[in-house]
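Reader: I would like to learn how to read the surface, the pockets and the charged pairs of a model like this one. Could you take me through them one at a time, with the general idea ahead of the case?

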Amino acid sequence: PLWITADPTHLQVAVRAVLDNAVFAVSSGGRVAVSLSLDASTAGPRANIVVRDDGPGLSERVRRHLFDPY
């Protein structure tokens with residue numbers, strides 16, 4: 001079991017957005033994988049949610065401006 005303290009609404013919105021993006025990125029027959037883990041090696045325990053897909057990824061042009069403020 002993996003227990004965390006978090007706002008359930010915010011967590012649901014964030015995970016849903018990442019999953020929607022991953023599903024949108026893969027082509028028909030593509031794969032999306034989700035994993036949960038606990039990292040106890042940091043100053044305090046940390047829950048990790050990892051979403052991976054086999055979509056094409058971001059172009060270099062988009063990646064360059066990924067964190068530009070709006």
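Author: Let us begin with patches, which are made of residues with over 30% relative accessible area and no salt bridge, like charges being joined within 9 Å and nonpolar side chains (Val, Leu, Ile, Met, Phe, Trp, Tyr) within 5 Å. The accessible areas come from the Shrake-Rupley method with a 1.4 Å probe, and for residues only the protein chains shown count as cover. A salt bridge, in turn, is a side-chain nitrogen of Lys or Arg within 4 Å of a carboxyl oxygen of Asp or Glu. Please keep in mind that this is a predicted model, in which local features need pLDDT of at least 70 and side-chain atom pairs count only at pLDDT 80 or more, while totals for chains, interfaces and linings use all residues. Residues are numbered from 1 along each chain as its sequence is written, and side-chain values use heavy atoms, with hydrogens and water left out.

Reader: Which residues form the nonpolar patch on the surface?

Author: The patch is formed by Leu2, Ile4, Leu11, Val23, Val32, Val34, Leu36, Leu38 and Ile49, which together have about 760 Å² of accessible area. Two or more residues come from each of helix H1 (8-25) and strand E1 (32-39), where helices (H or I, at least four residues) and strands (E, at least two) are DSSP runs numbered from the N terminus. Strand E1 gives the most to this patch, with four residues.

Reader: Is Leu38 buried or exposed?

Author: Buried means under 20% relative accessible area, exposed over 50%, and partly exposed in between (1.4 Å probe, protein chains only). Leu38, which is found in strand E1, counts as exposed because its relative accessibility is 55%. The C-alpha atom of Leu38 is 6.1 Å from that of Asn48, ten residues apart along the chain; Asn48 has its place in strand E2 and is partly exposed, with a relative accessible area of 25%.

Reader: How much space lies in the largest pocket, and which residues line the pocket?

Author: Rolling a probe the size of a water molecule over the atoms shows where empty space is left. On a 1 Å grid over the protein atoms alone, a pocket is an open set of points where a 1.4 Å probe fits, with protein on both sides within 12 Å along at least five of seven lines, and lining residues have an atom within 4 Å of a point. Grid points are joined across faces, edges and corners, and a volume is the space filled by probe spheres set on the points. Here the largest pocket holds about 330 Å³ of space, and its lining includes Val18, Phe24, Arg52 and Leu58. H1 and strand E2 (46-53) are the elements that give two or more residues to this lining, with H1 giving the most, five residues.

Reader: How many salt bridges does the count come to?

Author: The count comes to two. In one of them, the side chains of Asp20 and Arg16 meet at 3.0 Å, N to O; these residues are separated by about one helical turn because they are four residues apart in helix H1. Asp20 is partly exposed at 39% relative accessible area, whereas Arg16 counts as exposed at 53%. Glu60 forms a salt bridge with Arg63, with the closest N and O atoms 3.1 Å apart, and these two residues are three apart in helix H2 (residues 60-64), so about one helical turn separates them.
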